[in-house]
Structure formats: structure tokens, C-alpha cells
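This briefing concerns charged side-chain pairs and nonpolar cores. Please keep the sequence and the structure in view while reading.

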Amino acid sequence: MLSFDPEKIALPEGHYINGQHRRGEGEGFAVKRPSDGLLAGELADADAAQVDEAVAIADRAVRESGWASAPPRQRGAVLRRWADLIANDLPLAQLEALGSTRPIHDVVNHEIPFTAEAIRFYAECADKYSGDLLPTRHASLGMLIPEPYGVIAAITPWNFPLSMASWKCGPALAAGNAVVLKPSELTPYSSVRLAELAVQAGLPAGVLNIVQGSGAVTGSALVAHPLVRKISFTGSTQTGARIMSEAAWHGMKPVTLELGGKSPQLVFDDAGDVQEVALRILRGFTANGGQACVAGTRLIVQRGIAAALIERLTALCQGFTPGVTWNENSRYAPMIDGRQAAKVEQIVTEARRLGGEILVGGQRFADTGEGCFWQPTLIANVSPDSPAVQEEIFGPVLTVQIFDEEEEGLALAGHATYGLCAGVHTKNLDRAMRAMRGITAGTVWINRYGRSGDFIIPTGGFQGSGIGKDLGRQAFEACQRYKSVLIDF
């Protein structure tokens, strides 16, 4: 039985600094459960002084504990033990389900295994990627030697708290750095349990610290701290731009930014079985209630298949039932909070005002108390400048645009701001390759939509969707700086 009583779950207290739980010293804030809108607990920001303490401890711990200079396989062994603890820790799964939008079924069957495997992948990276011996003069030796940065700041979003933490902590720790992680103030709890398990696995206390609080207070102090040498952030494009600017002003720090998206699903007449394609499209914009930066929320479909596909999607959208995340039978995610639901409602209302036709959905589910569950929504007859087409909604809303010729479809698939992901659906290999080349996006999925467990494949966006890569060896290498050495002999 995976179902549990949220009132019986012990919530970790405050921050986790130097292997100990600490109360916040800044302004207090309430944490609510997305499923029912009820109070989960109250925390306080880590103010600038407390952030300073956490970063100073991390800087000292990574040097004095020997973590930075430890043999790579020794670091890998600690990370593998950590992954094993993650994979078998029910309290971690319950904290994630209680405090986030992730139903306990999805947490246990997807989120926890994905998080553990990401840590295992980077445990294996620890001794697999090194520097280079470079050709130079006969009596000289040129080398490129990687070193850890020291302290890396990680700022993660609320939509996938555990897996996002693994993307940041795995490569940084494997490369010999310390991490100070700020989770979203909306989903603070599971990250603390994650850090507890890391210490249990043998990570020296202080090498991974968790500070809670708002972006304006805690996040800003973390980004500006002089001992933070690199920043990794996942979140909105607007916040990413501010972080990049602040990082430049406070030490010229490198950044990895995975930001917003408005990803197209480009479907050609020869995409194959309509039911299979419809299910693929459906998962692409309804997973986690549409609250994913990679959500495929723009259906761009060729006329010959459009009617059948839209009919099938409309029917499938009516098959969802809301339910609290601590019920093992729940499969559909709530909005993170009322503010996010209001944003979805505002954009859908504006799209309708501008001539958009609601084919299905278009409103909240009824009788869900203070929880906000938005119905899967299809909007047809939208113009390219409609806010539903242009803006990242972060809800289960799919716009529908119809095209005739391939060039027209590719033109519609472009976006002036975003370039995170795209889906291309066709059985014609030549067309698939042309579309892949013609779409400006950091990831293009062909005849599928969504990431896999292949951690060797990096993810990251073009344009306003980000800079750098998470996952893959690229994320590991981005957690090191490279020293050029030239020896004459």
C-alpha cells in the first residue's frame, strides 16, 4: 500500500547545514500542500548571514574533509551508496508526494528511480572523464587539467524537486565540489531528506547544505556570495536572466541555466497510428498537470490527419480524475498553488476572448476543495500572436494550429523567445531529419515525446530557454574548471 496519511508525516525542520537541522533566521513563510491547499508547515528564510554561514561551511568542508582531493572512485563509491539509500527510502517518497504536485504512485515508480539512477550515472563519471595531453614541441609537455570549482550554488524549481536536485548535485559532487542547494520555497521538504541520506552514505558533513527561502532573499544572497564559484539554476527565463546578470556582477561566475519553454508538437499526415500519436501528445502536455518546462503545448498538425487526431485527443482529455497526491490511485497532478491556477485561467480566458475555441476543458475541476486541478484543455483557432501560443502557461493547455505544407509547419514550430524542446511525428525519415534541422531547439524528439533514462543524453535549451547542459558528461565537465599547463624539459 502506497497511500498514506499526510498528517502523520514528520516534516524536516528548516535548513540542513553542516549535517544538522537549523531554524531559519529571516522572515517566516507558510508551506501549503498543493493537493488540498492546507498548511503543511512554516519555515523561515535563510537570510544573508545564514547563507554566508552555509557557504563558508561548504567551502571549508570541501577542502578540509578531503572531498575535493579524494580519489575519484572513492567519491563514486559514496554516491553509489547514496543512490541505494534514495532508492529504498519510503519517507523520502512520502515527503515528495505530500509537498509537491507528484502523486505517490509516480514518485515511487518514476521520480525516485530516476533520481537514484542520475546519482549512479555521475558516480560512474567521477573517474571516466579527465584532462588532455596536448601536442606541442618535442621538448615540451602540454596538459589540460580539470579541477573542481569549490562551492557550487544550485537553485531548483518546484515541479520536480528530487530529480532536479539530482541533476545539480550529482555532477557537482562527483567532480569534487561542495553544493549549497536552495529548493523552491513551495517544495522545501524532500531536499532536506535527500541531504540527510547523503551524509548517511558517507558524504562529509557540510559538503552538501540546504538553505530554504525565497529567491529574492535566499537565492540572491547565494548568487552574490563571493565564495560561490558557479551557479546552476532551473526555472523561469526571467529569473534566469536576473541570475546571469547578478553572477556577472559578483565575480564573473559561470552559469548553467535550464529555463522556460513553449515546445511544439509537429505532426505530419504520415505520423502513423492516430491513437498512438494522440497518447504521445497527451502525455506531452498533461504530465505533472502540464507543469514542466519541456511540456509540448503547441500542437501543429497537418490537415490530412488533423480532424482524426483532434477528435481522439478531445476524447482522451475527458478521461482524467483529480485526486490527492498521497492516494496511490491518483494519477493526475494538481496545480502547485492558486496563483499558478489563476495564471492558467487568465491566459485561457484571454485566448478565448481573441477568438480561440475551447474544444475541451477550459476550467478547473469542481469539488476539489482548496486544491487546484485544471482540466486538460484544447484550444483551436488560435492566431500565432495569441498569448496561449506565445506564453509559457505551465498548465495542461494545448493549442491547435493546422498547416498544409511542410515549410508552413516548420515556420509555425518556431518561437521568437524559446527553444527548449520539440516533438516531430512522421514515419518519413527524410522529413524527420529536415524538421530536426529546421527547428531551433536544444532537444528534438522524433516519434516520441519526453526524456528517457539515458542519462548520457544532455538536456538544455537555445535562445531564451537557457545556457549550458544538464545531464550527460557535459554537466559533469561543466562542474570543473580547466587549467592549462606547459612544461619544458
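E117 and R120 stand three residues apart in helix α4 (residues 104–125), and are therefore separated by about one helical turn. Helices here are DSSP runs of H or I with at least four residues, strands are runs of E with at least two, and both are numbered from the N terminus. The model is predicted, so local features need pLDDT of at least 70 and side-chain atom pairs count only at pLDDT 80 or more, while totals for chains, interfaces and linings use all residues. Residues are numbered from 1 along each chain as its sequence is written, and side-chain values use heavy atoms, with hydrogens and water left out.

**Salt bridges within helices**

- The side chains of E117 and R120 form a salt bridge, with N to O at 2.6 Å; the term denotes a side-chain nitrogen of Lys or Arg within 4 Å of a carboxyl oxygen of Asp or Glu.
- Both partners are partly exposed, E117 at 36% relative accessibility and R120 at 25%. Buried denotes under 20% relative accessible area, exposed over 50%, and partly exposed in between (1.4 Å probe, protein chains only).
- In helix α9 (residues 274–286), E276 and R280 are four residues apart, about one turn of the helix.
- Their side chains also meet in a salt bridge, at 2.9 Å from N to O.
- E276 is partly exposed at 42% relative accessibility, whereas R280 is buried at 6%.

**Other salt bridges**

- R33 forms a salt bridge with E7, the closest N and O atoms being 3.0 Å apart.
- This pair links distant parts of the chain, 26 residues apart: R33 belongs to the loop between β3 (28–32) and β4 (39–44), and E7 to the segment before β1 (15–17).
- R33 is buried, with a relative accessible area of 5%, while E7 is exposed at 60% relative accessibility.
- A network of salt bridges links R73, R80, E124, D127 and K128.
- The count of salt bridges comes to 29.

**Nonpolar cores**

- In soluble globular proteins, nonpolar side chains tend to be buried together.
- A nonpolar core is a set of buried Ala, Val, Leu, Ile, Met, Phe, Trp, Tyr and Cys residues joined through side-chain atoms within 4.5 Å.
- The largest such core has 93 residues, of which W82, I86, L173 and L208 touch the most other members.
- Helix α4 gives the most to this core, with ten residues.
- A second, separate core of 21 residues includes A278, L282, F285 and A306.
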